[in-house]
Amino acid sequence: MSHTTQVPHRRPVPDHTAVPTAPPRERRRPSSQQWAAWAFLTPVTLYLALFYAYPLYRNLDLSLRNYTVRSFVQGDAPFTGLANYRTVFDDPTFAPALFHTVVFTAVCLFFQYAIGLALAVFFNQHFRLSATLRALFLVPWLLPLIVSASTWSWMLNSDSGVVNAALHAVGIDPVNWLTSPSWSLTSVIIANIWIGVPFNLVVLYSGLQSIPAGLYEAAALDGAGAWRRFWSITFPLLRPVSAITLLLGLVYTLKVFDIIWIMTKGGPADSSTTFATWSYQLGFGNLLPAFGPGAAVGNLLVIAALAFGLVYVRVQRKQALA
């Protein structure tokens, strides 16, 4: 009699390593808050596209084509590549205009920031009539540029200006501020510094308000004088505000046109010509306008401002990660 051995039945062991398949997710519809965000964002996007992106594109197109008055109207200008930029670089006005732009921007930025910071620290003492005097210092910033430039032209007039009258009163010979190649750039720099100081004053004064007063009290108890407190507390803590102030001042100063054009028109003998005035002269200051080279000079200003903006963003990112 044969005996058969029956193998016991084993239950399958579940595989815990298997990744469960997720059910397909349903596509979410935008919520009311998302629709509201898009509704608020659309006008800003259209504004930037119409008044910033499109003009930049048109300026770039102008600099890459040989536009004349006829082709500017009809829109059939031939493509010339970088020929307009080579024309600008080969022009004898390029080197003086570059030098004047650098000097005008650097000197204006330095004195606007230095005077604005000194006034901000002065008004931060909260003495009597502080608010009234601050309001009076805002007058140059609130005036239209044509009024400010015309006023400075009258003050610096060689024959009837009050500046030469004051110099004559103290025994100094009159200066041809606007008609001398040696003084024309200095004249427009003085006027632009006067106009830009209130902006630096307002921004830097706002930055000083965010510095805790307890830091100054602790430093005073430790025996630190006013100058030491400024270099150890005020100046370091004001660095982020100073950076954005200098960046905005740089972008504004690079494109200053009104003051220079009203006071000297870039002369005499191109002694106060900057890239901003040169671009206008090329594009609109001649009977036969050179739209392409004028746009190329304008693009050089855009590239310079963009380069400094990228440097600022990079420095801010490093400071945030530090």
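The exercises below, each with a worked solution, concern a predicted model of a single chain.

**Exercise 1.** Work out how the radius of gyration of the chain stands against the value for a compact globule of 322 residues.

*Solution.* Begin with the reference value, which for a compact globule of 322 residues would be near 20 Å. Then take the value of the chain itself, which is 32 Å. As a further step, look at the extent of the C-alpha trace, which spans about 145 × 75 × 40 Å along the principal axes of the chain.

**Exercise 2.** Describe the secondary structure of the chain and state what share of its residues is buried.

*Solution.* Counting the elements gives 15 helices and 0 strands. Turning to burial, a residue counts as buried when its relative accessible area is under 20%, and 34% of the 322 residues fall in this class. For the surface as a whole, the accessible area comes to about 21600 Å², and 67% of that area belongs to carbon and sulfur atoms.

**Exercise 3.** Classify the ring pair formed by F110 and F111, and decide for each residue whether it is buried, partly exposed or exposed.

*Solution.* The ring centres of F110 and F111 are 5.2 Å apart, with 85° between the planes. Because planes over 60 degrees apart count as edge-to-face, the pair formed by F110 and F111 is edge-to-face. Next, F110 counts as exposed because its relative accessibility is 54%, whereas F111, at 39%, counts as partly exposed.

Methods
Residues are numbered from 1 along each chain as its sequence is written. This is a predicted model: local features need pLDDT of at least 70, side-chain atom pairs count only at pLDDT 80 or more; totals for chains, interfaces and linings use all residues. Side-chain values use heavy atoms; hydrogens and water are left out. Helices (H or I, at least four residues) and strands (E, at least two) are DSSP runs, numbered from the N terminus. The radius of gyration is taken over C-alpha atoms; the globule rule is 2.2 Å times the number of residues to the power 0.38. Buried means under 20% relative accessible area, exposed over 50%, partly exposed in between (1.4 Å probe, protein chains only). Accessible areas come from the Shrake-Rupley method with a 1.4 Å probe; for residues, only the protein chains shown count as cover. Rings of Phe, Tyr and Trp (its six-membered ring) pair if their centres lie within 6.5 Å; planes under 30 degrees apart count as stacked, over 60 as edge-to-face and the rest as tilted.
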